[in-house]
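Below are my notes on the two-chain model you passed on. Please read them with the coordinates open.

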Amino acid sequence: MLEVKDCKNMFSYVSKCVVESEPELTRIDSQIGDGDHGTGMEEGFLAVHKMLEKREFDTINELFRAIGLTLIKSMGGASGVIFGTMFFSGDKEAKPTTMLDSYFLAHHFSQSLEAIKKRGRADVGDKTMIDALEPAVVKMKKYQDKSITETMKAVVDAAEEGVENTKKYRARFGRARKFGDKAIGIQDAGATSVSIIFRSMYEWIENNEREKEGE
Amino acid sequence: MGRIVKKLINSSEMIEKEMLSDFLKANSNVEKVPSLNAIAVKSRERRVKIVVSGGIGCEPLYMGYVGENMADAVCLGRLFASPSAYNIFETSQYISEEEGILFVFGNYAGDFLNHDMACELLEDQGIKAACVIVKDDITSEKIQNKEERSGIAGIIWTIKIAAAAAKMGLKLDDVARIAKKATNQIYTVPVVLESGHSPVTGEAFFHVDEDKIEIGMGFNGEPGIEATNLITAKEIMTIVFNYLNNELKLSEGDEVCVMLNNSGNLTFLEMHIMYDCLYDRIRETGAVIYDNEIGRFLCPQDMTGFSVTLFKIDEELKKLYDLAVDTPAYKKRNEVCNVRG
């Protein structure tokens, strides 16, 4: 479990990791996409980083929504809405909580996954970020009673496997769609971003635990 | 590489800003929404507000349709690029009353994504919001996939009916219901003879063979459903009408509004020769023409082509349709009086 303060620090670290991934994301997206996914994510998560430096939060729910809103505001385009939705459109009925645990993750991301599918009119196999997010959510639900470290470890594996799977698919959206069979063998940039977000969450949680044990 | 067409602009970076600034000078009933590329009508009535948003270039959408008993605000994107969900949200927030916001837009993935997001952002602020999605282009998908069809000239009458319902003081749910009912009765077939040209480079957007007419071709050159050789106005209009009537199945006593839209470059002469034939085809079914509009309502720049929109109308819709509108691109008096038939 993470307190609000820890969760905020975790997302500062996540923002830093996404920003640093810009060259990798740009390289992937330039092959069959518009080539702007990397710079879009960089812009969005730079804004998140700044926002987190300035603001304090009472609950985890508030923190997630603020991250989502910042991405929607700063990124523009389809990616801004999709990655914004990932954080903004969680379980609206959920009770405000001051602790981030596996249960919260499962409920939040399963709701936001549904919102993304509806809003983006996309599903697994369309070579989008959903290919990484959906298997991650499946793991979150399965592990919702486990510790957050265990859950996130499984989530990272599932998301990375999802990214690998995008290589098998043709694209149904954007410029990549025109590539038809030529898109096969190339991974999706959006799915890669999802795996970077989850991996950096896990890294921070693991480091945090190690530091606490060391104390 | 085709011919480069002459264009009158100042600089490609400034087209959106200059168009907006001129529009404000030319229309005293609208104001700029502060710090956004958006405009809103000045009058503030307490009712549901109609907000429309989209890229510029497919003219005169959407700016041309802001005004009395049409759209209350327009959020502009760049040339052929949608504005962001957040800008749509901010524009709506600027003019919203507690009665809520209705979005009307054509069925395109990006537009749905942005408006659906904007709805959630509004609801998060306690402002009710709903979407009405226009799917009138019957050539864009087969009837089995009706829900996937795109929206073209039918957007204009959908806005009209929605705005009239809002003006009557109906609640958001009812405005949305009636606008959906209307849009489900609107059918359009587009025809392309020649591509339009980029206002920035003067280059054609796509290519149509010299001796061909494309029925159902999209504005970006998406393939049509039928390419015919150059034929007479009468023949082409008969083909277009048959596509429409296959779905509409007009019969004795039906009433329709007809929009013959010039997609940019056809002449007054050509338009009226075609309307003559369209009128005959409709009257042969026994249906009555309740009203007609002939003119430039949706032009992807200087495209050579047209579209025919038929709107089957009943008593409930007539009351709303009859309401006068006054916008730069579409004006209509209260009573329908100019139609013979």
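1. Conventions. This is a predicted model, in which local features need pLDDT of at least 70 and side-chain atom pairs count only at pLDDT 80 or more, while totals for chains, interfaces and linings use all residues. Residues are numbered from 1 along each chain as its sequence is written, chains are lettered from A and ligands numbered from 1 in the order in which they are written, and side-chain values use heavy atoms, with hydrogens and water left out.

2. Extent of the interface. Chain A contributes 16 residues to the contact and chain B contributes 13 residues, where contact means heavy atoms within 4.5 Å. The two chains bury about 1,400 Å² between them, with 60% of it on carbon and sulfur atoms. Buried area here is the accessible area (1.4 Å probe) that two parts lose on being put together, summed over both. On the side of chain A, the residues losing the most area to chain B are Ile72(A), Arg119(A) and Arg121(A), which together make up 44% of what that side buries.

3. Polar content of the interface. Five salt bridges are found across the interface of chain A and chain B; a salt bridge is a side-chain nitrogen of Lys or Arg within 4 Å of a carboxyl oxygen of Asp or Glu. Seven residue pairs, both members at pLDDT 80 or more, are in polar contact across the interface of chain A and chain B. A polar contact is a pair of N or O atoms within 3.5 Å; within protein, one must be able to donate a hydrogen and the other to accept it, and residues adjacent in sequence count only if both atoms are side-chain atoms. The elements of chain A that give two or more residues to the side touching chain B are helix H4 (60–75), helix H5 (77–88) and H6. Helices (H or I, at least four residues) and strands (E, at least two) are DSSP runs, numbered from the N terminus. H5(A) supplies the largest share of that side, five residues.

4. Charged pairs between the chains. Arg65(A) forms a salt bridge with Asp124(B), and the closest N and O atoms are 2.4 Å apart. A network of salt bridges links Lys92(A), Lys118(A), Arg119(A), Asp116(B) and Glu120(B).

5. Salt bridges within chains. Over all chains, the whole structure has 32 salt bridges. In one of them, Glu134(A) meets Lys117(A), with 2.5 Å between the closest N and O atoms. Glu134(A) lies in helix H7 (residues 130–142) and Lys117(A) in helix H6 (residues 102–120) of chain A, so the pair ties together parts that are 17 residues apart in sequence. Glu134(A) is partly exposed at 21% relative accessibility, whereas Lys117(A) is buried at 17%. Buried means under 20% relative accessible area, exposed over 50%, and partly exposed in between (1.4 Å probe, protein chains only).

6. A salt bridge in chain B. Asp326(B) and Lys331(B) meet through their side chains at 3.1 Å, N to O. Asp326(B) is partly exposed at 37%, and Lys331(B) is exposed at 54%.

7. One sheet of chain B. Which strand order does the sheet containing S1 follow in chain B? Six strands form an open sheet in the order S1-S2-S5-S3-S6-S7, with mixed pairing. Two strands pair if DSSP finds at least two bridges between them. S1 (30–32) and S7 (129–134) of chain B stand at the edges with a single partner strand each, so one side of each is left without a neighbour in the sheet. Neighbouring strands are turned by 25° against each other on average, direction ignored. Helix H3 (residues 109–124) of chain B packs on this sheet, touching S3 (49–56), S6 (101–106) and S7, and its direction makes about 175° with that of S6(B). Helix H5 (residues 172–183) of chain B also touches S3, S6 and S7, with its direction at about 5° to that of S7(B). Axes are lines fitted to C-alpha atoms, for helices over the stretch in contact, and angles run from 0 to 180 degrees between N-to-C directions.

8. Another sheet of chain B. Six strands form an open sheet in the order S10-S9-S8-S14-S11-S12, with mixed pairing. Its edge strands are S10 (226–229) and S12 (288–295) of chain B, each pairing on one side only. Strands S11 (residues 255–262) and S14 (residues 304–312) of chain B pair antiparallel over seven bridges, and Val256(B) has Lys312(B) as its bridge partner in S14(B).
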